[in-house]
Structure formats: structure tokens, C-alpha cells
Amino acid sequence: MPAQIIDGKKISEDIISEIRAEVAALTGRPPCLAVVLVGNDPASAVYVGSKKKMCEKIGITSIERILPASASQDELFTVIKQLNNDDGVDGILIQSPLPKHINEQAVFNFVLPEKDVDGFSPTNAGLTALGESGGLVSCTPAGCVELLRRTDINMSGTNCVVIGRSNIVGRPVASLMLKESATVTICHSKTKNLAQYTRQADILIAAIGKKHFVTPDMVKDGVVIIDVGINRTPDSKKLHGDVDPACAEKASHITPVPGGVGPMTIAMLMSNCLKAYKRNHAK
Ligand code: NAD
């Protein structure tokens, strides 16, 4: 029987409705997200636009700080410092990728942890790695776990295999799954005989960045697949996941691409904004 599709679009819409209702009930000023964009990468401009639109839909104020591609790291730090010190700003998002002359992690390190809605600062990444719940969790990994939670998929005691060890997806999602009491294996580009691990997975999370990399022979019957990959082929504008859609014939549940993890990322960003606002107001 083909897999049940985990509808990330629908689940993210539910989350957005919940956040919107919470924002509508707030007294005082609405939450405020500052988005910082450096340069004129067209894809980044689209992402910033969709975040702005989502803020409007929810009732979150959004402000933009746009710097030219030639801006120095110090100029960017000056902008972030202003936002860090502005009590009217709850969340700060630095749109990635930054121009090559800027050290991205140094910039993420500069954002105040309590305003770091991307969860990329060492404090927030560290809290996630420690399994602590006090920080702001990186949006895509949080979205993966929320998809499983809202689909009523048991995570405790399962074998979870994560392919990918990046700081923005692989590592934090592995920490979150460990927190859910899964037995977690992290595989990466140097893993030997990858399929030997993936075939053991009850839950497989693919964050590789290679179109249809995971094939049906690499998974077992009944596996739950979370496909984080977003791959655009040069000849088409279509998006493809890291998992061959034919795996749906073996899986019990699978996320589609597009419409799976993607919409969850922005929903979790909005959730982090509200969380940051509430903490800011509780001070
Ligand atoms: P990355 O390039 O930083 O990391 C890729 C990881 O895959 C690395 O850790 C590498 O070790 C591993 N890998 C590469 N080749 C491999 C191989 N042959 N065998 C096993 N492992 C291999 O990428 P990332 O930023 O973690 O993103 C991964 C994918 O997720 C990309 O397609 C990206 O576009 C997508 N993504 C989606 C969202 C979303 O919102 N849905 C957010 C972030 C990233």
C-alpha cells in the first residue's frame, strides 16, 4: 500500500492559524521581526518577501534592513547591534547566504540569543544539543519533529537515521530526535555502506541536497520518511527532494517535496518570533 502523505502545507496552516489567534489576543504592541538582507540574490529576495507576507497574515510587524552586496562585516555588525539594542524588535533573522567575504557564523554569533529566531547562535544551538528546552530551536529541524508529532508518529524507542550533519539541519534534528527518545544514527558523506544504516531506519530524515538520492532499495517496509531536500534541476523550475518518490511504495508515511518540510520552516519561524516576543515581555 502506498504511503500516507504527511501534508506539511496543511499542518503548517494549522500552526499559522494557532499563532494568528494567539497574536490577535495579545495586548500591547504586536511582535516584531527584523529581517536583514545583504546583496541582491534573487532567491533570497523571494524568501524575504514570503516571510514578510506571512508576518502580515499573522499580525506580526516586520521590518527590513537591506545592505548592498559590498557591505563589510563591520557594517553588518553595526546594523545587528542596533537591532539587538532595540526593545521594539523581538526577532532578528539574517537571510542566508551572505556574500562570500562575510563570515556567516560570526554574524550568527553576533545576534542576541533571545532574538535569534533562526536558532543558529551558539547559545541556541548549544541548548538544542543539550536537549534543553529554554532556547529558540532552529526552524527546519523543529519543523521535521513537529510534522511527526502532529501525525501522531511515535518517536520513542524508534531507530532514527539522519542523513546529513549540517549545523542547520542534520545535527540539530538528530539532537531533537534524541530528545524524543529515538535511537539516532547520523550518516554523512564519509559514511561507508550507507544503505546498511538506512535499511534499519524506522524514521529516516534525509537532508543531503542531492535529488532522489535515497532509493527504494535503501529503505525498509513501513519506514517513515521526512525529506528535507530542496533540489532544483537546471533544466526545470521544479523542486525535487532527496528521496526518490518511488520510496512511497515501501514507506508507511512520507513528506512530499514541495509541500512537506518547506512550509513548516516558515511556520516554525513565526512560532519562534512569538516565543521571543513573549519572553521579551515577561522580563
Ligand atoms: P549541506 O550541504 O550543508 O549538508 C549536506 C549534508 O549531506 C552534509 O552533512 C553531507 O555530509 C551529507 N552528504 C552529502 N553527500 C552525501 C552522501 N553521498 N552520502 C551521505 N551523506 C551525504 O546541506 P543542508 O543545508 O543541511 O541542506 C540539506 C538539504 O536540505 C538541501 O537540499 C537544502 O536545500 C535542504 N534544506 C531545506 C530546508 C527546508 O526548509 N525544507 C531548509 C534547509 C535546507
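Analyst: Happy to! Helices (H or I, at least four residues) and strands (E, at least two) are DSSP runs, numbered from the N terminus. This is a predicted model, in which local features need pLDDT of at least 70, side-chain atom pairs count only at pLDDT 80 or more, and totals for chains, interfaces and linings use all residues. Residues are numbered from 1 along each chain as its sequence is written, and side-chain values use heavy atoms, leaving out hydrogens and water.

Along its principal axes, the C-alpha trace spans about 50 × 40 × 35 Å.

Now to your pocket (on a 1 Å grid over the protein atoms alone, an open set of points where a 1.4 Å probe fits, with protein on both sides within 12 Å along at least five of seven lines; lining residues have an atom within 4 Å of a point). The second largest pocket is lined by 26 residues, and those nearest its centre are E146, R149, M268, S271 and K275. Two or more lining residues come from each of helix 1 (8-24), helix 5 (122-130), helix 6 (139-150), helix 7 (170-179) and helix 9 (261-282). Helix 9 contributes the most, with 6 residues. Sorted by class, the lining has 10 charged residues (Asp, Glu, Lys, Arg), 9 nonpolar ones (Ala, Val, Leu, Ile, Met, Phe, Trp, Tyr, Cys, Pro) and 7 polar ones (the others, Gly among them).

Let's follow some of these helices into their loops. The loop between helix 6 and strand 5 (159-163) holds D152. Although D152 is not a glycine, its phi is positive, at about 60°. D152 counts as exposed because its relative accessibility is 71% (exposed means over 50% relative accessible area, buried under 20%, partly exposed in between; 1.4 Å probe, protein chains only).

With a relative accessible area of 43%, S181 is partly exposed.

For helix 9, look at the loop that links strand 11 (253-254) to helix 9, where you will find P258. A cis peptide bond joins P258 to V257, with omega about 0°.

For C55, the nearest cysteine sulfur belongs to C273, 5.7 Å away. C55 counts as buried, at 1% relative accessibility. C139 is also buried, at 4%, and its sulfur lies 8.1 Å from the closest cysteine sulfur, that of C273, so the two are too far apart for a bond.

Definitions and conventions:
Disulfide = S-S within 2.5 Å.
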